[in-house]
Amino acid sequence: MPRTEKYIDLHLHLDGAVTLDIAKKLADLQNIPLPTESDDELLKLLSVPQNCTSLNDFLACFALPLSLLQSPQALSECVYLVAEKIKSQGVVYAEIRFAPQLHTQKGMSQEDAIKAALSGLKKTDLKANLILCLMRGNGNQAENEETVALAKKYLVEDGGVVALDLAGAEALFPTADYAGLFKKAKDMNIPFTIHAGEADGAQSVRLAVEFGARRIGHGVRSFESSEVIELLKKEGVTLEMCPTSNSQTHAVADMTEYPFMDYLSQKIKATLNTDDPAIEGTSISDEFRYMERKFNLTEEQKKELIKNSIDAAFTSENVKKWLRKEFSIKES
């Protein structure tokens, strides 16, 4: 069977995909001086530190990219540049996520940010959609409520905003705190995924599924509860797995015990994704090669992962049919 050289990425953060070249372009576009002229030093600011000990350390890497994404022009251009970069790496369908509330530091409204991202999406011919992130944290309930309302306003089946997410410091701000927001989203028929089971345990995954999440961002720690494993199987919930990210944030203490292959063997709908490719120094093809080398992922299993991604994608049936044809996957 030929190697898989085309990919789908369902879990990709816009601000985590700002590479060195994109950062320079965004700075030039806005006449923003970068903190250093040295490429090596700039790369350090855009990359996870080798001494990263937790998800909280990892999240500190977003400061510089976010500082460059505070104008409509920059946000639009970044969506376009990221889409073009991943397309050049073999991605044929992607869902790019970002939190509109994080782009309001210099006067943009959340709605301005969404419109800017949509304009960037229209400039690329990559088949891609947007996921709007709610943020874990203190004192941002109103901002999260606004994101939910805007997700409903701009919700489409394809070619724009297709879902919501919840991102941020999971261990500090537990999933249980966001039940009300996701009840509203569910009542509005907005599809959603939730980061869960990354910095917090299996109970976080259970809550996300009970809220109505069709997908789970990471879900790596689901194995801590056999009941949660059974729940994932029963509900057909898809896990958006990101091995390099999970290694760097120490979501799993020992990567030799990474549960990905166990999930596959148990027929849990796992998928393979990048999370924050620039910050992590990875790409979607790197993720597949990593799983090949470390866990003997077979071509047949890769095909299964792609099928899972197509089935779980927040997109139209027409795009799913096109994707199945692209990957020579029979209709379910």
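In this predicted model, Gln-89 is partly exposed, with a relative accessible area of 32%. Gln-89 is located in the loop that connects α5 and β2 (91–98), where, leaving aside residues up to four places away in sequence, contacts are made with Tyr-7 and Ser-283. The C-alpha atom of Gln-89 is separated by 29 Å from that of Met-135, a residue 46 positions away along the chain.

The structure contains 6 aromatic pairs. One of these joins Tyr-7 to Phe-288 in a tilted arrangement, with 5.2 Å from centre to centre and 45° between the planes; because Tyr-7 belongs to strand β1 (residues 7–13) and Phe-288 to helix α14 (residues 284–295), the pair ties together parts that are 281 residues apart in sequence. Both Tyr-7 and Phe-288 are buried. The rings of Tyr-258 and Phe-295 likewise form a tilted pair, their centres being 6.2 Å apart and their planes at 45°. Tyr-258 is buried, with a relative accessible area of 3%, and Phe-295, at 16% relative accessibility, also counts as buried. Tyr-258 and Phe-295 belong, together with Phe-260 and Tyr-290, to one aromatic cluster.

Phe-260 is also a member of the largest nonpolar core, which comprises 100 residues and in which Phe-98, Leu-164, Phe-182, Ile-194, Ile-216 and Phe-260 touch the most other members. Helix α5 (residues 72–88) supplies the largest share of this core, namely 8 residues. Apart from this core lies another, of 7 residues, including Val-48, Cys-52, Cys-61 and Leu-66.

Charged groups are also placed over aromatic rings: the charged end of Lys-6 sits over the ring of Phe-327, 5.8 Å from its centre, and that of Lys-127 over the ring of Trp-322, 4.9 Å from its centre.

Technical notes
Residues numbered from 1 in each chain as written. Predicted model: local features only at pLDDT ≥ 70, side-chain atom pairs only at ≥ 80, totals over all residues. Heavy atoms only, no water. Core = buried A, V, L, I, M, F, W, Y, C linked by side-chain atoms within 4.5 Å. Buried < 20%, exposed > 50% of the residue type's maximum accessible area, 1.4 Å probe, protein only. Helix = DSSP H or I, 4+ residues; strand = E, 2+ residues; numbered from the N terminus. Contact = heavy atoms within 4.5 Å. Phe/Tyr/Trp six-rings, centres within 6.5 Å; stacked < 30°, edge-to-face > 60°. Lys NZ or Arg CZ within 6 Å of the ring centre and 35° of its normal.
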